Amino acid sequence: MNRDDTPEAVRARLLRLFETAVAAAHPRSCLPPHLPAPPARGRLVILAAGKAAGAMTETAEHHYLDQLGWPADRLTGIAVTRHGYARPTRVVPVIEAGHPMPDAAGLAATERTLALADAAVADDLVLVLMSGGASANWIAPAHGLSLAEKQAVTRALLACGAAIGEINTVRKHLSRIKGGRLARHIHPARFVTLAISDVPGDDPATIGSGPTAPDPSTLDDARAVIARYRLDLPAAVERILRDPANETPKPGDPLFADAEFRIVARPREAFQSVEAAVAAGGEACMFLGDSIEGEAREVAALHAALAAAVRREGRSAVILSGGELTVTVRGAGRGGPNQEYALALAVALAGTPGIAALAADTDGTDGGGGDAADPAGAFIDPATLSRARKIGLDPAVFLSDNDATGFFTRVGGLLTTGPTCTNINDFRAILVDRR
């Protein structure tokens, strides 16, 4: 924390690093070079879903309509995004729907998506624009499963501490669009999928639950996830997961023979932009990886020990990491994994001087109730715990209640950005000043 090390200056510096990562992954920056040529005959059909769906569609419209002069009457489609994440488009409507909890708006929009896919013919090109959040936005429960039952499954999966790959394994086998099933509806039209990755490992089968990608997971795998976390789910779930007809299309299926899948933005690339910014300021950077998973509070304890060790060694550094942390919900509080990480980090550091941090979700909302104004994450600094003590707060009590939002609301430190219209998942930066 060189130069100006006031709390305000340190927060501003952390925020600039966060904004650098977000800008690198915004559709206007990453999407245009990957947009395919429009079809020689037929229509261009845009099907978009996820937190970046509005911005991706807006960018694609500008490219085809303005730059290429593509006729608007040969463009159709629909985009589904989280509430508050819509962007102004001219031809392709953008529908706002629930996230992380699917809702009726998402259900209706997904039926429209499937209808457009079914109507595509061989001369058409279907352009699928994917980003994190699509699993909740494209909601088409398997036959025999109601929306309320699907919501119950989602609620249980999000609260149990399961990793994103495990969550999506179950989602894919309870859906009519996920796990490669959208490809079945698009066939025989050609389709190209362009995705902004928000998952560790950038696996096409995991991003948005892989609606246009072959699915290597099985019904047995989905049942194993449910058993592993001892989830109490609606009876219909067991019936659906026992029916071989609900198995997903696998690698090698002819459906995918001519399909293209390109990742247009990865977490690693966004962090490379941040590393370059840190290096330009003449500082040392430690990058721990973009695929870190695990309980937020446990990862925070490890990172606190690392940061403290760096300072004891008389070094300054910027410690960066990404991935997708999880929270096993045992309390009744509010907050997402980034806020819980920040609170646990503050507790573990116990006011160690010279260390400040920001943990935030690059989509602009971390946990919360699905409102676009929910916090993106939280800052901490050496005075975080002392501010809490002055007003009689015990951070350990808030941590045990999973109430990081409640803690930072009272102590100060919440970051509220509003929708960023992209999503490469967690961003964490720890500043260590040797002075």
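Colleague: Which residues of α6 meet which residues of α7?

Modeller: K150, V153, T154, L157 and L158 in α6 meet I167, V170 and R171 in α7. Please bear in mind that this is a predicted model.

Colleague: Turning to helix α9, which of its residues are buried?

Modeller: In α9, residues 219–228, the buried residues are L219, A222, R223, V225 and I226. They span an arc of only 155° around the axis, which places them on the same side of α9. Among the elements covering them are α7 (164–172) and α10 (235–241). After α9 comes R230, whose phi is positive, near 50°.

Colleague: What is the strand order of the open sheet of 6 strands, and is its pairing parallel or antiparallel?

Modeller: Strands of a sheet pair through backbone hydrogen bonds, either parallel or antiparallel. In this open sheet of 6 strands, the order is β3-β2-β1-β4-β5-β6 and the pairing is parallel. At the edges stand β3 (94–97) and β6 (260–265), each with a single partner strand, so one side of each has no neighbour in the sheet. From one strand to the next, the twist averages 15°.

Colleague: How many bridges pair β2 with β3, and which helix lies across both strands?

Modeller: Strand β2, residues 75–82, pairs with β3 in the parallel sense over 4 bridges. One of the bridge pairs joins T81 to E96 in β3. Helix α3 (residues 53–67) lies across β1, β2, β3, β4 and β5, and runs at about 155° to β2.

Colleague: Why is strand β10 described as largely enclosed by the rest of the structure?

Modeller: In a regular strand the side chains alternate between the two faces of the sheet. For β10 (residues 355–361), 7 of the 7 residues are buried, so the strand is largely enclosed. I355, A357, A359 and D361 are buried on one side, and A356, L358 and A360 on the other.

Colleague: Which strands are joined to β10 by bridges?

Modeller: Strand β13 (residues 426–432) is joined to β10 by 7 bridges and runs antiparallel to it; V432 is the bridge partner of I355 there. Strand β11 (residues 377–380) is also antiparallel to β10, through 4 bridges, and A378 is the partner of A359.

Methods
Residues are numbered from 1 along each chain as its sequence is written. This is a predicted model: local features need pLDDT of at least 70, side-chain atom pairs count only at pLDDT 80 or more; totals for chains, interfaces and linings use all residues. Side-chain values use heavy atoms; hydrogens and water are left out. Buried means under 20% relative accessible area, exposed over 50%, partly exposed in between (1.4 Å probe, protein chains only). Helices (H or I, at least four residues) and strands (E, at least two) are DSSP runs, numbered from the N terminus. Two strands pair if DSSP finds at least two bridges between them. The arc is that of the directions from the helix axis to the C-beta atoms. Contact means heavy atoms within 4.5 Å. Axes are lines fitted to C-alpha atoms, for helices over the stretch in contact, and angles run from 0 to 180 degrees between N-to-C directions.
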